[in-house]
Amino acid sequence: MSRLRVIVAGAGIGGLALAGMLRRHDAEVTILERADDLRTGLGLTFWPNAAMSLRSFGEDMLDAVRTVAQPFDRARMKTVAGHTVTNIDLSRWLTRYGVAGLGVTHSDLVGALSDVSGVPVRFSAEVVSVTEEGQVTLADGETLNADVVIGADGVGSAVRKAMLPPGKAAPRGPAMAGWQGVALDGGPKFPGFDVVFGPTGVCGILGLAGERTYWFMQAPADAPPDGDGWSDTVKELVRATPGDLMWRDSARDRAPDRNWGRGRVTLLGDAAHPILPTVGQGACLAVEDAGVLAHRLVSLGDPVAALRRYEADRFERVTKTYKRARRLRQMQQLMPAVRNPMVSTVPDGLLGRMFTESAEPIAEFR
Ligand SMILES: Cc1cc2nc3c(=O)[nH]c(=O)nc-3n(C[C@H](O)[C@H](O)[C@H](O)COP(=O)(O)OP(=O)(O)OC[C@H]3O[C@@H](n4cnc5c(N)ncnc54)[C@H](O)[C@@H]3O)c2cc1C
């Protein structure tokens, strides 16, 4: 049987994970990346659902991520006054899966997945159009063909635009914006993951490998935050963050679509279903997508049927996670005077469950 030829548009977290998984099954994979280098970025929570998806293609795929990440086995939600709303013990995941939460920078994760994938990335290769028959056109006019084409090209996906009728990609929620940074030496060392409800919204703090700490904070756009009104820990973190490791970012979501592919083409990760970062799952879902898609391509003889099966198998899962992320966002958006007393009275466990349910591995990766 001839080798499956796969083109992946986008060397982000989802595209690189998929490339590594398929290469382990002898597929001929080409990764096309618009940028001239791997994207850099700040911190991420990486959960067991993504870890188990990687592991299902070999322990080395998960080990590559572990090497660059800081493990944690508890997550807390607190008010700025210091009241702990929820203290989530994640050690059951350690016992069951050997991994609980991982704190990692986006760039370290992309670097690790690129190394372990074993597939060289073709940089400065911008995909501008795709046909249902599996033909890809690059910005310089070059055309390439494959048995299947995967749009892993993020929230503004060119593959999505080429495949879906005009208007379908359009409705997207309002942007969720905030500041984020990585504190280096001198900042407080942070072993876990905290979400703090404070004066201007939510602040997250996540320990990273190499004694670094990632933080994000909803705060006004006009100037970088100084931590005023937050706890001393937050102020210290902001102080220990160099200017070039602090920036403003925003995220948008879009209700998942039942049909996100056609013919020999499908989408994966943010290209298919961007979600808000409130549940810390966008990258994890991309890796989970990659696992399900790679398994379907490997196990079903007909690649087009495999793409349609993958889309059908993912719809419910990603829709649930999208909705959960929105619900958490609505709760975060309440006026602090309403929200903080309210979250303080939420029965212990309810908020935690909302947050961690999506992080539980799907049945086929348990
Ligand atoms: C503030 C913030 C915090 C977040 N926190 C978390 C978290 O804690 N946990 C988590 O799991 N997720 C988190 N996310 C979400 C996560 O970053 C994304 O969901 C994830 O990066 C999506 O991965 P992807 O591979 O689908 O797309 P991307 O990472 O966007 O990668 C797409 C790639 O495609 C390339 N590309 C784009 N267009 C083209 C083209 N036309 N041709 C070729 N290449 C192209 C891009 O350059 C890029 O390299 C967060 C997001 C934000 C904004």
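**Figure 1. The helices and strands of the chain.** In this predicted model, the chain folds into 11 helices and 18 strands. Its C-alpha trace spans about 65 × 45 × 35 Å along the principal axes. A compact globule of 366 residues would have a radius of gyration near 21 Å, and the chain agrees with that at 20 Å. Buried residues account for 55% of the 366 residues. Of the contacts between residues at least 6 apart in sequence, 73% link residues at least 24 apart.

**Figure 2. Inside the largest nonpolar core.** This core holds 104 residues, and the ones touching the most other members are Leu18, Ile31, Phe46, Trp47 and Leu54. Helix H8, residues 282-299, gives the most to the core, with nine residues. Apart from it you can find another core of 15 residues, including Cys203, Ile205, Trp230 and Leu237.

**Figure 3. A close look at Trp47.** Which residues does Trp47 touch, leaving aside those up to four places away in sequence? Among them are the aromatic residues Phe72, Trp93, Phe193 and Phe355. Trp47 also touches Leu90, Ala100, Gly101, Val279, Gly280, Gln281, Cys284 and Ala359.

Figure 4. How many disulfides does a search of the whole structure find? The search finds zero. Cys203 is in no disulfide, and the nearest cysteine sulfur, in Cys284, is 20 Å away. Cys203 counts as buried because its relative accessibility is 1%, and Cys284 counts as buried at 0%.

Note on methods:
Residues numbered from 1 in each chain as written. Predicted model: local features only at pLDDT ≥ 70, side-chain atom pairs only at ≥ 80, totals over all residues. Heavy atoms only, no water. Disulfide = S-S within 2.5 Å. Buried < 20%, exposed > 50% of the residue type's maximum accessible area, 1.4 Å probe, protein only. Core = buried A, V, L, I, M, F, W, Y, C linked by side-chain atoms within 4.5 Å. Helix = DSSP H or I, 4+ residues; strand = E, 2+ residues; numbered from the N terminus. Contact = heavy atoms within 4.5 Å. Rg over C-alpha atoms; globule rule 2.2 N^0.38 Å.
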